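These are my notebook entries on one structure. I record what I looked up, entry by entry.

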Amino acid sequence: LAMASTRKNLGDTQMKKNKISLMAFALGIVLIIAAILFLGKNVLEQRAAEQQSGVLLAQAQQHLNASTPSTESEEKDEKEEFLSQEPHISSPNSFNWSNYNIDGILSLPDLGLELPVLADYSDALLKVSVCIFEKEDIQGSPRMVIAGHNYKAHFRNLSQLPIGSEISYQTMDGKVTKFQVTEIVEIDAKNGDALEEGTWDLTLLTCNYDMSKRILARCVSVEA
């Protein structure tokens with residue numbers, strides 16, 4: 001009787017172990033599927049962002065390269081034609097470039113990047129291109145923060161920008177400002193005050209992979 005009871009207990013224990021193992025295996029499968037879905041979503045977002053920012057860049061460059069109209073009527077006609085253009089985007093969501101307010105074009109030659117900068121900031125806009133996060137005038141000296149996701153086509157390699165690297169910013173009225181990178185710093189994501197520290201004219205901002213840190217490229221303006 002005692003042996004039978006022992007065998008029963010051993011059998012129950014083994015069944016519990018098997019059940020736990022099965023649950024752990026199922027949980028592992030669920031986590032793997034979730035990771036694959038998350039990765040797939042991220043890849044699709046990055047591809048869409050690269051495509052959409054590319055369209056915005058082309059349209060902004062077209063606007064800057066356009067000849068100056070000779071009359072007010074021609075200027076109005078050109079503007080209407082410019083705003084009416086809607087490039088084809090192979091995406092489930094409709095994309096009308098004229099819905100976006102482009103402030104200028106940011107050029108980072110050392111990273112092989114040229115990006116349209118959106119004048120407004122939101123999570124949705126960051127999925128299209130880099131955005132002006134902050135723009136202010138301090139004692140007569142303008143300074144600006146441009147934020148972007150760590151997408152490959154946006155600010156993923158920001159931390160690799162060499163100190164002394166020259167970048168430029170061209171506004172939509174054609175004005176070009178040259179900057180030089182002075183430092184690359186990393187701050188805690190919750191430390192908003194650290195963003196304002198130091199002497200700089202332009203800061204490029206992105207996040208690390210786990211969103212716990214913010215990577216900043218500090219820049220000062222230089223003579224063109």
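Is K135 buried or exposed? I looked up its relative accessible area and found 55%, so K135 is exposed. The classes I used are buried for under 20% relative accessible area, exposed for over 50%, and partly exposed in between, with a 1.4 Å probe and protein chains only.

Entry on the source. I note that this is a predicted model, in which local features need pLDDT of at least 70, side-chain atom pairs count only at pLDDT 80 or more, and totals for chains, interfaces and linings use all residues. Residues are numbered from 1 along each chain as its sequence is written, and side-chain values use heavy atoms, with hydrogens and water left out.

Entry on the fold. I looked up the secondary structure and found three helices and eight strands in the protein chain. Read from the N terminus, the order is α-α-β-β-α-β-β-β-β-β-β. Helices (H or I, at least four residues) and strands (E, at least two) are DSSP runs, numbered from the N terminus.

Entry on the whole chain. Of the 224 residues in the protein chain, 32% are buried. I looked up contacts (heavy atoms within 4.5 Å): among those with a separation of 6 or more, 56% join residues 24 or more positions apart. The accessible surface is about 14200 Å², and carbon and sulfur atoms hold 55% of this surface. Accessible areas come from the Shrake-Rupley method with a 1.4 Å probe; for residues, only the protein chains shown count as cover.

Entry on salt bridges. I counted a salt bridge where a side-chain nitrogen of Lys or Arg lies within 4 Å of a carboxyl oxygen of Asp or Glu. The count is four. One of them joins D103 and K135, at 3.5 Å from N to O. D103 belongs to strand β1 (residues 102-108) and K135 to strand β3 (residues 130-138), 32 residues apart. D103 is buried, at 17% relative accessibility.

Entry on R143. The N to O distance is 3.4 Å for E136 and R143, and 3.3 Å for E196 and R143. E196 lies in the loop between β6 (176-188) and β7 (202-207) and R143 in strand β4 (residues 141-147), so this pair ties together parts 53 residues apart in sequence. R143 is buried at 12%, whereas E136 is partly exposed at 29% and E196 is partly exposed at 30%.

Entry on cysteines. I searched the whole structure for disulfides (cysteine sulfur atoms within 2.5 Å) and found zero. C131 is buried, at 0% relative accessible area, and C207 is buried, at 8%.
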